[in-house]
Structure formats: structure tokens, C-alpha cells
Amino acid sequence: MMKFKRTANTILTGGFVLLLMALPLLPVPPFWIIQANYIGMAALVTIGVVLLTGIGGMTSFGQAAFAGIGAYTTAYLTTAAGMSPWLTLLIGLLLTAICATLLGWITLRMSGHYLPLATIAWGISLYFLFGKVSWLGMYDGLSGIPAIPLADIDFKNEKPMFYLIWTVLLAAIWLMSNLLNSRSGRAIRALKGGRLMAESMGVNTGHYKILIFVLAALLAALSGWLFAHFQRSVNPSPFGIKMGIEYLFMAVIGGAGSLWGAVLGSTILQLIGDHLQVILPKLFGGAGNYEGIVFGVILILLLKYSPQGLWSWLTGLFAGIFPAVEVKLALDHAGALTRRTPPAAGSALLQLERVSKCFGGLVAVNNISFELKAGEIVGLIGPNGAGKSTTFNLVTGLLPPSEGSIRFLGHAIGGLPSRAIATRGIARTFQHVQLMPTMSVLENVAIGAHQRGAAGALRAMLHLERTEEACLLQEAARCLTQVGLQDLMYEQAGSLPLGKQRIMEIARALCCDPVLLLLDEPAAGLRYQEKQDLAQVLQQLRADGMSILLVEHDMGFVMQLTDHIVVMEFGTKIAEGTPTAIQQNSAVITAYLGGEA
Ligand code: ADP
Ligand code: MG
């Protein structure tokens with residue numbers, strides 16, 4: 001959900017759409033319309049690239065090959081089998097979905113550069129498949145493809161095609177921007193840089209990776225289908241790896257982070273590319289292939305001076321002229337979400353028994369045992385490197401324990417994936433703040449509520465989940481109010497001071513509706529009064545039945561808040577007891593003062 005209706009953005013896109021719709025009515029040469037058709041078809045693929053690469057952080061060189069599946073499926077089935085183009089569209093999309101799911105399933109689970117490499121291999125092999133198979137017409141391709149049959153409209157003509165292509169494109173932009181402004185969209189936007197955080201908030205990030213990979217492939221296939229019926233013939237060259245790279249290029253030029261950037265990038269490349277092919281050889285002489293060099297130079301300049309792409313530069317320019325209008329959310333009308341009932345105070349909630357974690361030869365957590373009862377605030381303290389954060393990672397499933405057992409509400413949770421642990425009611429904050437800097441504070445916190453919603457991507461795209469979405473955002477707003485950040489709800493999370501970001505993480509964790517909250521140094525970077533406010537918030541949470549495991553270096557803060565303290569040093573538990581007992585414990589004093597006691 002956007003905080004601001006950016007006036008600049010609205011005026012730009014609105015003006016663009018109006019101009020576009022008027023284009024065929026103006027006395028322009030048919031060539032212009034044909035160009036606009038190619039731009040629209042390229043933009044359709046590029047939207048997928050923006051979704052996948054710009055927003056999801058996954059690079060694919062194989063989008064042109066997916067367009068090829070859409071194009072060749074309809075080309076072959078309409079010419080050889082006489083099928084209706086509408087039927088072949090469905091078959092092409094289905095085939096693409098199957099290929100993309102398989103390819104995604106195999107490669108997306110691997111880390112590192114497997115996806116880009118796999119998509120290169122995929123792009124190259126499909127290109128050769130199109131070129132070598134005799135019934136696909138080899139390198140000559142297939143021709144005689146019928147025009148799209150719809151009512152009495154003559155789609156042999158470029159103008160009806162223009163309206164069809166751009167309607168499809170605008171619909172795709174609408175669907176995708178709905179998707180991005182939803183529960184699924186927050187998960188998708190967290191894929192780039194926030195994967196571990198999202199997983200520990202209960203998000204199945206693998207699911208969303210495959211989802212956007214398949215969606216991007218489907219957009220490409222749809223574009224390929226339009227392309228085949230517009231050209232009325234296909235050959236392998238528009239579906240090769242070179243075109244795959246060009247789509248990436250369009251996304252980067254326009255702005256890999258915004259859907260409209262895809263349209264801008266495709267327009268620029270389509271217009272400039274053709275002219276460069278004519279102008280450059282004249283400038284430099286000879287028949288060389290200069291566009292590659294010029295594009296390379298433009299790309300370097302862009303990455304240096306406008307890494308967000310030209311779209312954000314353009315909206316920034318317009319934003320100076322047209323001020324932003326704030327649109328607040330109508331949160332009050334949403335119903336409340338159901339909440340867990342906390343376990344009876346005093347019952348065993350979290351039990352660690354002889355838990356160890358080794359990193360190679362380093363024993364970061366060594367044979368640790370302690371228990372946390374429902375309704376308690378337990379402090380976990382110790383010098384830097386004692387193994388406190390590692391203990392948090394073991395309890396929340398970011399790391400599997402090397403040995404020992406971790407039980408939560410009586411069930412073993414050691415080694416479970418972190419989202420499974422989140423589902424059971426454990427939520428956490430991070431010592432090194434993990435947030436999505438360009439998303440609003442409200443949206444960041446709403447990631448915590450992911451598992452409390454159920455609407456899938458399709459409903460989000462069609463805007464059929466607005467009631468649930470309002471409930472989730474309302475809950476996020478409630479959690480922000482609980483920690484006193486309600487006034488910063490609509491700010492960009494990245495612009496908050498570090499101390500406030502930490503508090504925002506607490507709100508996000510609360511949004512998971514946990515029964516156990518793990519806070520890793522929540523008071524670091526806070527001033528005295530802010531610490532007092534935080535202490536009050538935590539006391540109120542305890543009064544409401546929340547249990548808290550707290551890592552903190554400020555001893556005053558810890559002593560004032562906790563019911564029980566566990567002290568670690570070099571991975572080992574050296575003491576545990578009430579705050580008063582710990583303050584007088586000689587081993588603890590030695591650990592903290594370095595043996596002078
Ligand atoms: P604390 O939070 O108490 O300051 P940590 O749990 O972060 O301590 O770290 C405990 C020890 O484990 C440190 O020596 C640290 O360098 C090491 N360590 C933590 N995480 C990893 C990791 N992923 N790989 C290797 N060593 C690690
Ligand atoms: Mg730590």
C-alpha cells in the first residue's frame with residue numbers, strides 16, 4: 001500500500017497513457033504504430049524482468065526464450081494443426097508455466113550464480129532447438145500464421161494490434177502493481193536482501209521466488225504469442241540470448257525497480273536501437289556492429305549517475321513541480337485479526353538442553369541449558385562473542401544446533417526451518433537491523449503479519465483481497481502504536497534513526513502474534529528516555545502475557561526488567577539466577593571486569 005499518491009507519478013503515467021491512446025487517431029505514419037507495437041511487446045517481457053530482477057533480485061537471461069515458447073507454440077499449432085490462436089495461447093502459457101516451474105524448482109533452491117547460468121544455458125538451448133528442428137522450420141522459421149480472430153476486427157492491420165497489445169500491457173502493469181502492493185508483494189520485495197528476515201517472519205521465500213519466476217515467464221510467453229500473430233511468421237533470432245540480454249538492458253535503463261520503468265526502457269531502446277544501427281556506421285565508417293559499444297557506455301553512465309534508472313530520475317524531476325499528495329489509509333474500518341491465547345503463566349515455554357553449535361573448530365555455543373517460563377522476561381547476557389546471537393539463531397531456526405535439544409511448548413523445534421518455528425509462535429528482532437529500507441514503516445511491520453493472512457497472488461492481482469489486506473495493515477498499525485511509533489508509520493523505514501529502526505523491528509515481531517519474543521540488543525542506540533519508554537513497553541507486554549528472551553548490554557536496563565538472567569562467556573553458561581544474585585556472582589563479575597574482582 002502506497003503512502004503517497006505521488007502526483008508526479010500519476011501525471012506522468014496518466015499523460016503517457018492518454019498520449020498513447022491518441023496516437024493512432026493522429027495523422028502519424030503507419031511505421032510509428034508498428035514501432036509502438038514492438039515497444040509494447042518488448043515492455044511486456046521487460047515488466048517480467050523488472051519483477052524478477054529489479055524487485056526480486058534474480059537475474060535471468062532467458063526471458064526471450066520464454067517468449068519463444070509462446071511464439072512457436074502458437075506458430076506451429078495454428079499452421080500445422082489449424083488450432084484457434086486462443087487455444088494455442090492457453091497451451092503456450094501452460095507449456096511456459098511447466099518449463100518455468102521445472103527450471104525454477106531446479107535452480108532457485110541453489111544459491112549463488114546458478115540461476116543466471118541456468119537461464120543462459122536455457123536461452124541458448126532453446127534457440128538451437130528452434131533452429132535445428134525441421135518441423136519448427138529450422139532457421140527459416142514458420143510462416144502463414146493467421147491473424148488473431150476476435151469479433152470482426154481485422155488484426156492483420158497494425159492499429160487494432162496496437163490497441164490489443166497496449167491493452168494487454170496496461171492490464172499487466174495493473175495486475176503486477178496490485179500484486180506488489182499486497183501481502184504477497186511485501187514478501188516478493190523482501191526477497192532481495194531480506195530473505196532470512198522474511199523466513200523468520202514465517203514467509204516461504206522459495207515459494208515467492210518460483211512465483212515471480214513463473215509470472216515473468218508467462219508475461220514473456222504472452223508477448224511471444226502477440227509477436228507471432230503480429231508478424232504472422234516466426235524465426236529463432238528474436239528469441240536468442242542476445243535478445244535476452246537486451247530485455248535486461250531495457251529494465252536497467254528504465255529503472256529496474258519500477259514497472260513503468262520497463263515501458264520507458266523498452267521505448268528508449270526500441271527507438272534508439274534502430275537509429276543507432278543506421279547512424280553509427282555512418283559516423284564511424286565501415287559496417288561494424290557499434291550499438292553494443294554505445295549501449296555499454298550508456299549503461300555504465302547510467303549505473304553511475306542514475307542507478308535507479310531513468311524513470312525514477314523523471315519522476316524525481318516532476319516531483320519538484322507537482323508536490324506529493326498524502327493519502328492516509330482507512331485503517332479504522334478493518335476488522336481485527338484473531339490472536340493466540342498465551343500459555344498459562346509459569347508453565348515451561350522454552351527449554352534448551354545441552355545445546356551446542358560449532359562453526360568448524362569454533363564452539364560458539366557450548367553445552368548450554370536453561371529454561372524460560374511463560375510470562376517471564378529472561379535476560380541472556382555476556383561479553384561480545386559469548387554466543388548470545390548464535391543462541392537466538394538456534395532457537396529461531398536460522399541455524400541448526402550441532403547437538404542438544406530445544407523444546408518450545410513441549411515440542412522439539414531444534415533444526416526446524418525458521419518459518420516453521422515462527423508459525424509456532426516465536427518471533428525475533430535482529431542485532432543487525434534487518435529491514436526493507438525503501439518500504440514504509442507500516443509495510444515493513446506488516447511483513448510480520450504474513451502468516452495471519454491467507455490471500456494468494458491471484459487474488460492480490462485482481463484486488464480481491466482488500467478486506468484482508470486492510471486487516472493486516474491495521475494490525476501493523478496497532479503494533480506500531482503499541483511501541484509508540486504510530487507517528488512514523490508512513491515514513492520510509494530506511495530514513496529512521498537506528499534506535500527507531502530497532503523499535504520498528506519489535507513492532508514487526510509483535511505483528512507475528514508471538515507468545516515468545518526474542519529481542520537482540522533492542523536498546524542499543526537509544527537515549528536514556530527512549531530506553532525508559534522501551535522498558536515500559538516490555539513490562540506492559542509481560543503484563544499482557546508475553547514471554548521475552550532479551551539480550552542486552554545495558555545492565556541497568558536488564559536488571560530493572562528481567563525475572564531471571566542467564567550469563568554466557570565463550571559459548572558456555574557461567575551463571576544463572578535472579579538479577580540480585582547475578583549482580584553478586586563472582587564468576588560474572590570476573591567475566592565482566594576481567595579478573596580484577
Ligand atoms: P554474541 O552475540 O554473544 O556477541 P555471537 O553469537 O554473535 O556472539 O558469536 C559467537 C561466536 O561465534 C563469535 O566468535 C562469532 O565470531 C562466531 N560466529 C557467529 N556466527 C558465526 C557464523 N555464522 N560462522 C562462523 N562463526 C560465527
Ligand atoms: Mg550478538
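Reader: Why is Ser418 called buried?

Author: The relative accessibility of Ser418 is 7%. Buried means under 20% relative accessible area, exposed over 50%, and partly exposed in between (1.4 Å probe, protein chains only). With 7%, Ser418 therefore falls into the buried class. Before we go on, this is a predicted model, in which local features need pLDDT of at least 70 and side-chain atom pairs count only at pLDDT 80 or more, while totals for chains, interfaces and linings use all residues. Residues are numbered from 1 along each chain as its sequence is written, chains are lettered from A and ligands numbered from 1 in the order in which they are written, and side-chain values use heavy atoms, leaving out hydrogens and water.

Reader: Where does Ser418 sit, and which residues does it touch?

Author: Ser418 is part of helix α15, residues 418-423. Leaving aside residues up to four places away in sequence, Ser418 touches Glu199, Ser200, Thr396, Gly397 and Leu398. Contact here means heavy atoms within 4.5 Å.

Reader: How many helices and strands are there, and what makes a stretch count as one?

Author: The chain has 23 helices and 14 strands. Of the 597 residues of the chain, 52% count as buried. The C-alpha trace spans about 90 × 50 × 50 Å along its principal axes.

Reader: What makes α2 and α9 roughly antiparallel?

Author: Look at helix α2 (residues 30-55) beside helix α9 (residues 205-231): their axes come within 7 Å and cross at roughly 165 degrees. Axes are lines fitted to C-alpha atoms, for helices over the stretch in contact, and angles run from 0 to 180 degrees between N-to-C directions. Under 35 degrees counts as roughly parallel, over 145 as roughly antiparallel, 65 to 115 as roughly perpendicular and the rest as oblique. The crossing angle is over 145, so α2 is roughly antiparallel to α9. The residues that meet include Ile34, Tyr38 and Met41 from α2, and Phe213, Leu219 and Phe230 from α9.

Reader: How are the residues of this contact sorted by class?

Author: The contact of α2 with α9 has 18 nonpolar, 4 polar and no charged residues. Ala, Val, Leu, Ile, Met, Phe, Trp, Tyr, Cys and Pro count as nonpolar, Asp, Glu, Lys and Arg as charged, and the others, Gly among them, as polar.

Reader: Why is α2 called roughly perpendicular to α10?

Author: α2 packs against helix α10 (residues 241-254) at about 75 degrees, with the axes 9 Å apart. That angle lies in the 65 to 115 range, so α2 is roughly perpendicular to α10. On the α2 side the contact is made by Ala42, Val45, Thr46, Val49, Val50 and Thr53, and on the α10 side by Tyr247, Leu248, Met250 and Ala251. Sorted by class, this contact has 8 nonpolar, 2 polar and no charged residues.

Reader: What counts as a metal donor, and which residues coordinate the magnesium ion?

Author: Donors are N, O and S atoms within 2.8 Å of the metal (3.2 Å for Na, K and Ca), and water is not among the atoms, so sites may look incomplete. Ser389 (OG) and Gln431 (OE1) coordinate the magnesium ion (ligand 2) at 2.0 to 2.1 Å. Ser389 lies in helix α14 (residues 388-395) and Gln431 in the loop between β10 (426-428) and α16 (441-446), so the pair ties together parts 42 residues apart in sequence.

Reader: Are those two residues buried, partly exposed or exposed, and how do you know?

Author: Ser389 has a relative accessible area of 22%, and Gln431 has 23%. Both values lie between the two cut-offs, so Ser389 and Gln431 are partly exposed.

Key
Helix = DSSP H or I, 4+ residues; strand = E, 2+ residues; numbered from the N terminus.
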